[in-house]
Amino acid sequence: MVAPPFSLHELHTNNVVSLADYKGKPVMLTFWASWCPDSMKDLHQKNQLFETMDKEKLHFLTVNVTGREGKAEDGPRYIQEQSYRFPVLLDEGTKTYDAYRCMGVPTTVLLNEKQEIIATYNDKSSFIDIMKGVSYLV
C-alpha cells in the first residue's frame, strides 16, 4: 500500500514538511502523544537511534498526534523538556494518524523508497522488532 501523503508543520523550524520531500529514501515514521508512557519510552529509544544513525540512509520523522493531546502545547513542551532534536511534525488533530489507520500510540510505520508501507508496529511492538524491520530498508 502506498503511504498516504501529508504536509505538516515541523516543530523546530516551523517549515512545512511533506512526505513527497522524502521520495527515493526509506522513512521511519512514528506517531506519538506526550501523555503515553509507551510513547515516552519509544521516543527515548528513537532519540538514541537518531543521534547515532546515518541520516542519509534512513529518514526519521515523528508525528505528534495533537488531537490526542490534552492541550496543543503538551507535545511541543515534552520535546523541549527532553531536549529531543529529531524532526517533530504536528498532526492536524488526528488527520494523518487516521490516514495511516493507527489504533494507538506509539505507532511506527516503515516506508520504502517508493513510499510504500512495508511494516507497521503498534504500541506493543518492541524496539528490537522495529530495528529488525529497519534492517530490510537500509
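1. Start with the hairpin of β6 and β7: five residues lie between the strands, and Q115 there takes a positive phi near 65 degrees. Strands (E, at least two residues) and helices (H or I, at least four) are DSSP runs, numbered from the N terminus. The two strands run antiparallel and are joined by four bridges; pairing here requires that DSSP finds at least two bridges between the strands. I117 in β7 is the bridge partner of L111.

2. A word on provenance: this is a predicted model, where local features need pLDDT of at least 70 and side-chain atom pairs count only at pLDDT 80 or more, while totals for chains, interfaces and linings use all residues. Residues are numbered from 1 along each chain as its sequence is written, and side-chain values use heavy atoms, with hydrogens and water left out.

3. Now the sheet as a whole. It is open, with seven strands in the order β2-β1-β5-β4-β3-β6-β7 and mixed pairing. At the edges stand β2 (16–18) and β7 (117–121), each with a single partner strand, so one side of each has no neighbour in the sheet. From one strand to the next the twist averages 30 degrees; axes are lines fitted to C-alpha atoms (for helices, over the stretch in contact), and angles run from 0 to 180 degrees between N-to-C directions.

4. β3 has both kinds of partner. Its pairing with β4 is parallel, over six bridges, and W32 stands opposite N64 in β4. α1 packs on the sheet, touching β3, β4 and β6 (107–111), and its direction makes about 150 degrees with that of β3. With β6, β3 pairs in the antiparallel sense over five bridges, and V27 stands opposite L111.

5. Beyond its neighbours within four places in sequence, L111 is in contact (heavy atoms within 4.5 Å) with A3, L19, P26, V27, Y100, E116, I117 and L137.

6. L111 turns up again in the largest nonpolar core, which has 21 residues; F6, L29, F31, L61, L89, Y100 and L111 have the most contacts inside it. A core here is a set of buried Ala, Val, Leu, Ile, Met, Phe, Trp, Tyr and Cys residues joined through side-chain atoms within 4.5 Å. β3, β4 and β6 each give two or more residues, and β3 supplies the largest share, three residues. Apart from this core lies another, of 20 residues, M28, Y78, F86 and A119 among them.

7. On to α2 (residues 74–82), whose buried residues are D74, G75, Y78 and I79. They sit on the same side of the helix because they cover an arc of only 135 degrees around the axis, taken from the directions from the axis to the C-beta atoms. These residues pack against β3 (27–32), α1 (37–52), β4 (59–64) and β5 (88–90). Exposed Q80 and E81 are on the face turned away from the buried side. S83 follows α2, with a positive phi near 60 degrees.

8. Last, the cysteines. Counting sulfur pairs within 2.5 Å as disulfides, the total is zero. C36 is in none, and the nearest cysteine sulfur, that of C102, is 12 Å away. Both are buried: C36 at 5% relative accessibility, C102 at 8%.

How values were computed:
Buried < 20%, exposed > 50% of the residue type's maximum accessible area, 1.4 Å probe, protein only.
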